[in-house]
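Trainee: Could we go through this protein together, one question at a time? I have the sequence and the coordinates ready.

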Amino acid sequence: MSKINRVEIKYTPTILNQRKVTSSEDAYQVVKQLWDDDWYRESFGVLHLNRANQIINFHLTAKGGVHGTVTCSKMIFSGAIAALANSIILVHNHPSGALQPSSADINITKSLSKAGKVLGIPVLDHLIIAPENYLSMADKGYNYF
């Protein structure tokens, strides 16, 4: 008999406590508090939002190496479904500190945005972050959202 793994969602009410996201800056400030000290490794996470754009949860979905990480749509959306998220914001860092999206970043954003539309969990933005700055793909006019 096979065993089915489940996604476990951990809530951090002291930091998130239904904080409302009204801008990419709001999302960045929250994620920056939650990001671990491994800025030298590329990691990928997702903010889950309710209908009022309040943060339900932050789910770190992948940790990679200095040159990249594997982003799995099943991990991203299984966490969002488990959290009953109404929408999500994608977040990842570039260990180099460069904030420009790579072609891989653009492709995964397009793919996840399409999947989110089908699932009824729209992707609102994709942030590329560094310890002192960030880039919002939505603010920069990428039209995948």
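Trainee: Which residues touch the most other members of the largest nonpolar core?
Mentor: Happy to start there. This is a predicted model, in which local features need pLDDT of at least 70 and side-chain atom pairs count only at pLDDT 80 or more, while totals for chains, interfaces and linings use all residues. Residues are numbered from 1 along each chain as its sequence is written, and side-chain values use heavy atoms, with hydrogens and water left out. A nonpolar core is a set of buried Ala, Val, Leu, Ile, Met, Phe, Trp, Tyr and Cys residues joined through side-chain atoms within 4.5 Å, where buried means under 20% relative accessible area, exposed over 50% and partly exposed in between (1.4 Å probe, protein chains only). Of the 16 residues in the largest one, those touching the most other members are V31, W35, L47, I89, V91, L127 and I129.

Trainee: Which element supplies the largest share of this core?
Mentor: Helices (H or I, at least four residues) and strands (E, at least two) are DSSP runs, numbered from the N terminus. At least two core residues come from each of α1 (24-34), β1 (43-49), β2 (55-63), β3 (87-93) and β4 (123-129). The largest share is four residues, and its source is α1.

Trainee: How many residues are in the other core?
Mentor: That core lies apart from the largest one, and its members include F44, A83, A85 and L90. As background, nonpolar side chains in soluble globular proteins tend to be buried together. The count for this other core is 14 residues.

Trainee: In what order do the elements run from the N terminus on?
Mentor: The protein has three helices and five strands. Read from the N terminus, the order is α-β-β-α-β-α-β-β.

Trainee: What share of contacts between residues at least 6 apart in sequence joins residues at least 24 apart?
Mentor: Contact here means heavy atoms within 4.5 Å. For context, 44% of the 145 residues count as buried. Among the contacts you ask about, the share joining residues at least 24 apart is 67%.

Trainee: Is W35 buried or exposed?
Mentor: Leaving aside neighbours within four places in sequence, W35 is in contact with S43, F44, G45, F58, L60, V91, H92, N93 and I129. Its relative accessibility is 7%, so W35 counts as buried.

Trainee: How far apart in sequence are the parts that the pair of W35 and F58 ties together?
Mentor: Rings of Phe, Tyr and Trp (its six-membered ring) pair if their centres lie within 6.5 Å; planes under 30 degrees apart count as stacked, over 60 as edge-to-face and the rest as tilted. The whole structure holds four aromatic pairs, and the one formed by W35 and F58 is tilted, at 6.1 Å centre to centre with 50 degrees between the planes. Because W35 lies in the loop between α1 and β1 and F58 in strand β2, the pair ties together parts whose separation in sequence is 23 residues.

Trainee: Which residues do ring pairs link into a cluster?
Mentor: F58 counts as buried at 14% relative accessibility. Ring pairs link this residue into a cluster whose members are W35, W39 and F58.

Trainee: How is S43 placed, buried or exposed?
Mentor: S43 is found in strand β1. Beyond neighbours within four places in sequence, S43 is in contact with W35, L60, A62, K63, T69, V91, H92 and N93. With 0% relative accessibility, S43 counts as buried.

Trainee: What arc do the buried residues of α2 cover around the axis?
Mentor: The buried residues of α2 (residues 73-82) are I76, F77, G79 and A80. They sit on the same side of α2, because the arc (taken from the directions from the helix axis to the C-beta atoms) is only 155 degrees.

Trainee: What covers the buried residues of α2?
Mentor: One of these buried residues, A80, is 22 residues from F58 in sequence and 9.7 Å from F58 in space, C-alpha to C-alpha. The cover over the buried residues of α2 includes β1, β2, β3, α3 (103-119) and β4.

Trainee: What is the phi of L84?
Mentor: L84 is placed in the loop between α2 and β3. This residue is exposed, with a relative accessible area of 72%. Its phi is positive in a residue other than glycine, with a value near 55 degrees.
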